[in-house]
Amino acid sequence: MIFKTTVVGELAVNCFIMACEETQKGIVIDPGDNIDGILSIVKENNIELTEIVATHGHFDHIGRVTTLKEKTGAPFTIHQADMFMVEGLVEIASFLSIDTDPAPEVDRFIDEGDTITFGNETLNILHVPGHAPGNVAFTWPGHAIVGDTVFAGSIGRTDLEGADPQVLMDSIRSKILTLPDDTILYPGHGPETTVAKEKQTNPFLASGFNTQ
Ligand SMILES: [Zn+2]
């Protein structure tokens, strides 16, 4: 699989560009900003975009979906519970004086158990709410893109609209820390980590994890 990461926007979001090596079909996850940089990676790798996907609806993750849709024709996919953020995109970002595209049209809703397919590659979807009600994780063997649920040494904010700290802890403990220990986690911000490392060293999870 082709797998590229680029950090975009003032809040330094990890944007992922993934594609099938046999068919060149691929996806972009969380195009929050810097469309030119994203499109140059798409072009360099000769990728045909078939879907634009969001881990969740915060403006720093979806701020340039509309431009990317216009330039590539790829449909946009997100969990339905974050529609209020999609619809409020420009207004919410303006509170921080950050410029975004107009709100994108959503073409498909995804939820736990659904999949994202591009060429011969498939990502499985976990619904991991708490930071955002519609946060999803995308998993494939040995890897998981987890949005703003867990970071290397930290966890997602729960002071924003629709967030809930108990729900976030339940999501992390029941769905992310239950992945195999050597699973590489790719958070929405900051460096990658692993399930084992966060179990052992994350201070927010230090009270012990429950794998039930
Ligand atoms: Zn977020």
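Is H58 buried or exposed? Select H58 to find out: with 13% relative accessibility, H58 counts as buried (under 20% relative accessible area; exposed is over 50%, partly exposed in between, with a 1.4 Å probe and protein chains only).

Before you click on: this is a predicted model, where local features need pLDDT of at least 70, side-chain atom pairs count only at pLDDT 80 or more, and totals for chains, interfaces and linings use all residues. Residues are numbered from 1 along each chain as its sequence is written, and side-chain values use heavy atoms, leaving out hydrogens and water.

**Stop 1: the zinc ion.** Together they supply the protein donors of the zinc ion, 2.1 to 2.4 Å from it. (Donors are N, O and S atoms within 2.8 Å of the metal, or 3.2 Å for Na, K and Ca; water is not among the atoms, so sites may look incomplete.) H58 sits in the loop between β4 and α2, while H131 is in the loop between β8 and β9, 73 residues apart. H131 is buried too, at 3%.

**Stop 2: a ring pair.** Next, pick F3 and F16. Their rings are stacked, 5.8 Å centre to centre with 20° between the planes. (Rings of Phe, Tyr and Trp, its six-membered ring, pair if their centres lie within 6.5 Å; planes under 30 degrees apart are stacked, over 60 edge-to-face, the rest tilted.) F3 is partly exposed at 25%, whereas F16 is buried at 2%.

Technical notes: Helix = DSSP H or I, 4+ residues; strand = E, 2+ residues; numbered from the N terminus.
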